[in-house]
Each structure stands twice: as structure tokens, then as C-alpha cells.
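Subject: Structure handover

Dear colleague,

Please find the structure below. My notes on the core, a helix contact and the aromatic pairs follow it.

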Amino acid sequence: MTAGRGFLRDIGAQSNEFERLFFEWIESYNGEGDLDILEAFGETMLALDRFVDCGWGCDDDHPEKHLVATCISGIRAILLLTACGNPSEANALFRPLGETVNLMALLALSRDELQAYRLGNKRQRRDQFEAARVRGVLKRVGFTAPQSARMYGMLSNFYLHPNALDHIFSYRTSQLWEGFVIPYFHRDQCISMFINLVSAASTALLFWSGTQMDDSDIRLAHALNERTDKAIRSFTANVAQDPTAERVPIIEAAQPGQ
């Protein structure tokens with residue numbers, strides 16, 4: 001095998017190895033039963049995926065489905081990038097995900113805002129529900145936005161520009177290195193991002209349940225959200241008890257139902 005081909009193969013092999021480590025880290029802080037965060041997260045994502053499934057064809061504008069679909073698409077992309085060892089690159093996707101989650105939080109709080117979003121055309125939605133206004137309205141009603149203006153600015157500075165000082169370089173694939181080193185900060189950043197992905201999915205589920213007329217769907221959604229909330233709290237408590245975890249809160253997570 002030539003050196004060039006070998007280098008490209010090593011990239012894939014290291015991604016697979018990092019994915020194994022990523023889920024080991026999550027499992028090391030995970031609970032059991034109702035406190036199993038992976039199970040609750042997976043069930044939430046499955047419920048959202050079923051909600052947005054328009055495989056049989058849709059002739060009408062479905063703004064709620066489009067918002068939820070945008071959210072779960074972003075979560076999946078961030079999760080894949082993080083799990084294969086690229087959390088800094090994944091952070092660039094947190095800003096649009098945060099804007100979507102903020103918007104869903106607002107629409108879940110206000111029927112008037114939800115109706116305006118439903119009735120508006122694409123341009124009206126873009127103008128009336130731009131990111132800064134959504135954060136401002138959430139602040140006025142006393143709701144902590146899942147992504148604040150401070151986090152918005154930090155992500156713009158650190159992860160969307162080529163001179164990002166906080167970028168993490170974890171891979172060493174040349175023949176001068178054997179294997180690759182995972183610093184604690186890298187692990188802690190991945191764990192912080194994972195918690196925020198679970199919180200984003202929970203917000204999307206609350207938004208979805210608020211658009212439903214079927215009481216059984218609403219009850220199921222709220223029961224799953226309560227379980228997810230408990231799992232997040234248990235998970236973060238376990239992380240906090242680990243003396244090796246020197247976490248940096250990359251994103252400010254809003255707990256489900258906050």
C-alpha cells in the first residue's frame with residue numbers, strides 16, 4: 001500500500017476508534033433504567049423522526065415539521081462529527097441549531113407567535129422570526145434562551161473563523177506518530193456537546209407535542225421529556241463528581257421544560 005493511500009485509510013480507522021471511545025465516555029457517566037440517557041435520547045430522536053416523515057408525499061407547507069426536521073438534521077450531523085473526533089468542526093453547526101431551538105421554544109410558549117409563524121410566508125417568517133428578535137422576546141418573557149447572544153458570539157469567533165484559537169487538533173496520522181492522543185479537554189468538550197444535543201432534542205419534542213391534537217401523543221411526549229430531564233440531571237451529576245473532568249461549557253444547555 002502506498003503512503004498516500006495508507007494515510008487516507010488511517011483517517012477512517014482513527015474515526016472508528018474515536019467513535020468507540022466517545023460512547024465509552026458517555027456510558028461511563030450513564031445511568032440505568034429511566035436514567036439511561038442514551039435510551040431516552042434515542043427514543044426522543046425516533047419520535048421526532050417519525051413526526052417529520054413525509055415519505056408519502058406532502059402537498060402543503062408544514063412549518064412545524066420543517067422546524068423539527070431542521071433540528072434533528074442538525075443534531076444528527078453534530079453527533080456524527082463529534083463521535084468521529086471533530087468536535088470543533090461540529091461546533092460550527094451549533095449556532096444554526098441554537099437558532100432553531102430558540103425559535104421552537106418561543107413558538108411553544110406563545111400561541112400567537114405560533115399562529116403568526118404558521119400563516120406567514122417564507123419571507124415574513126424570516127423577517128419576523130430572525131434570531132435576535134427571538135432571543136429578545138424570550139428574554140422579555142423571562143425564559144432562558146437555549147442559545148444566548150453570548151454563546152452566539154462565542155461560536156462565531158471561535159469556530160467559524162480560520163484563526164480559531166480554541167480549535168482542537170486531535171489526530172496525528174503520519175508515520176511519526178503511533179496512534180493518537182485524546183486530551184481531557186477533548187473528552188470534556190464532547191461530553192458537553194452531547195448533553196446539549198439531548199437538551200435540543202427535548203426542546204424539539206416539547207414543541208412537537210404542543211402542535212398535536214391527540215392527547216395520547218401529548219402524554220407520551222411529556223412522559224418521555226420528564227424521563228429525559230431526569231437522565232440529563234443524573235448524567236451531569238455523575239460528570240460533576242469526576243475529578244478529571246475540567247469541563248468548559250461550550251453551549252449553554254436549557255434543561256427540558258425550563
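The largest nonpolar core has 56 residues, of which Ile75, Leu97 and Phe235 touch the most other members. Such a core is a set of buried Ala, Val, Leu, Ile, Met, Phe, Trp, Tyr and Cys residues joined through side-chain atoms within 4.5 Å; buried means under 20% relative accessible area, exposed over 50%, partly exposed in between (1.4 Å probe, protein chains only). H10 contributes the most to this core, with 13 residues. Helices are DSSP runs (H or I, at least four residues), numbered from the N terminus.

This is a predicted model: local features need pLDDT of at least 70, side-chain atom pairs count only at pLDDT 80 or more, and totals for chains, interfaces and linings use all residues. Residues are numbered from 1 along each chain as its sequence is written, and side-chain values use heavy atoms, with hydrogens and water left out.

Leaving aside residues up to four places away in sequence, Ile75 touches Phe41, Met45, Leu97, Leu197, Ala200 and Ala201 (contact: heavy atoms within 4.5 Å).

The whole structure holds 8 aromatic pairs. Rings of Phe, Tyr and Trp (its six-membered ring) pair if their centres lie within 6.5 Å; planes under 30 degrees apart are stacked, over 60 edge-to-face and the rest tilted. Phe18 and Trp25 are edge-to-face, because their centres are 5.4 Å apart and their planes at 90°. Phe18 is buried at 0% relative accessibility, and Trp25 is buried at 13%.

Regards

How values were computed. Helices (H or I, at least four residues) and strands (E, at least two) are DSSP runs, numbered from the N terminus.
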